[in-house]
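Here is a briefing on salt bridges and strand pairing in one protein model. Please look over the sequence and the coordinates before reading on.

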Amino acid sequence: MLVIVNDTYDPMSKEAAKLVADRLRKKPNLVLGLATGSTPLGLYKELIRFHKEEGLDFSKVTTFNLDEYVGLPPSHNQSYHYFMNEHLFKHINLDPRHIHVPQGMAKDVDVFCSWYEQRIAECGGIDLQVLGIGANGHIAFNEPGSSLGSRTRIKTLTGTTRGDNSRFFKPNEDVPRYAITMGVGTIMDSKELLLLASKTGKAEAVKAAVEGPITAMCPASIIQMHRSAFVFLDKEAASELTGMYNDTWESKVFA
Ligand code: F6R
């Protein structure tokens, strides 16, 4: 695992974007795993800039998103598909046929989840998976207690998560109860992982993930078992770490 600490969110996002761009230049048909949430927004902004100003080409890239709410169509402004369109997809030259976001409106969710796993495999597996981390150590919708070997499946959202989300929905609208999420095992099969965390609210989770015991109670801690995981942090998110982390990712060659 390589932990890269930048002073603040912007340089952290720019460093992480350099890694994605490097992998894409080396492999134009990169299979890229994507996350929603506020943390990767700076990374996506920088990738858009690379595309517009430096011609970074996404035309052969295939993407797989980590998760989606059950019951929300891509047109719903709280769906993760909508989020991805707004913050990345519509600004770059991805082929829409190469975009995969779990289908919140799938008629048979279990069949869909098996298909999603199969589709990832057919595309040769995910080359680089972007991840955020929850304050409780979750990755994707794999909350504490999730099996570290889990695959893409439906999960019930916790009361806390639903409560947190309710502010984004109209008073008469149902807040989603379920989500489809890649499993921890699915994420770990990716050839490289790029986890981003910013601000003090994530410091405890980052400490548990990077330096704590590997446990299902902190699903992100499994990244310690990955052969090629990059953890991009700002100083606040790194503030609880006791190890020395000041490498640059460019200086490292992985076995
Ligand atoms: C989103 C996802 C979530 C977020 C996490 C952090 O696709 O998988 O696990 O990465 O909840 O969210 P932010 O970045 O909003 O703090």
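Glutamate 15 is buried at 14% relative accessibility (buried means under 20% relative accessible area, exposed over 50%, partly exposed in between, with a 1.4 Å probe and protein chains only). The model is predicted: local features need pLDDT of at least 70, side-chain atom pairs count only at pLDDT 80 or more, and totals for chains, interfaces and linings use all residues. Residues are numbered from 1 along each chain as its sequence is written, and side-chain values use heavy atoms, with hydrogens and water left out.

- The whole structure holds 16 salt bridges (a salt bridge is a side-chain nitrogen of Lys or Arg within 4 Å of a carboxyl oxygen of Asp or Glu).
- Side chains of opposite charge can pair when their charged atoms come close.
- Glutamate 15 forms a salt bridge with lysine 18, at 2.8 Å from N to O.
- Lysine 18 is partly exposed, with a relative accessible area of 33%.
- Both residues sit in helix α1 (residues 9-26), 3 residues apart, so about one helical turn separates glutamate 15 from lysine 18.
- Helices here are DSSP runs of H or I with at least four residues, and strands are runs of E with at least two; both are numbered from the N terminus.

**A link across the sequence**

- Arginine 23 and glutamate 192 form a salt bridge, with their closest N and O atoms 2.7 Å apart.
- Arginine 23 belongs to helix α1 and glutamate 192 to strand β9 (residues 192-197), so the pair ties together parts that are 169 residues apart in sequence.
- Glutamate 192 and arginine 23 are both buried.

- Aspartate 95 and arginine 97 form a salt bridge, and their closest N and O atoms lie 2.7 Å apart.
- Arginine 97 is exposed, at 68% relative accessibility.
- Aspartate 95 is buried, with a relative accessible area of 15%.
- Elsewhere, salt bridges with shared partners join Asp22, Arg23, Lys26 and Glu192 into one network.

**The open sheet**

- Three strands form an open antiparallel sheet in the order β4-β8-β7 (two strands pair if DSSP finds at least two bridges between them).
- The edge strands, β4 (67-69) and β7 (153-156), each pair on one side only.
- Neighbouring strands of this sheet are turned by 25° against each other on average, direction ignored (axes are lines fitted to C-alpha atoms, for helices over the stretch in contact, and angles run from 0 to 180 degrees between N-to-C directions).
- Strand β8 (residues 178-181) pairs with β4 in the antiparallel sense over 3 bridges.
- Glutamate 68 has isoleucine 180 in β8 as its bridge partner.
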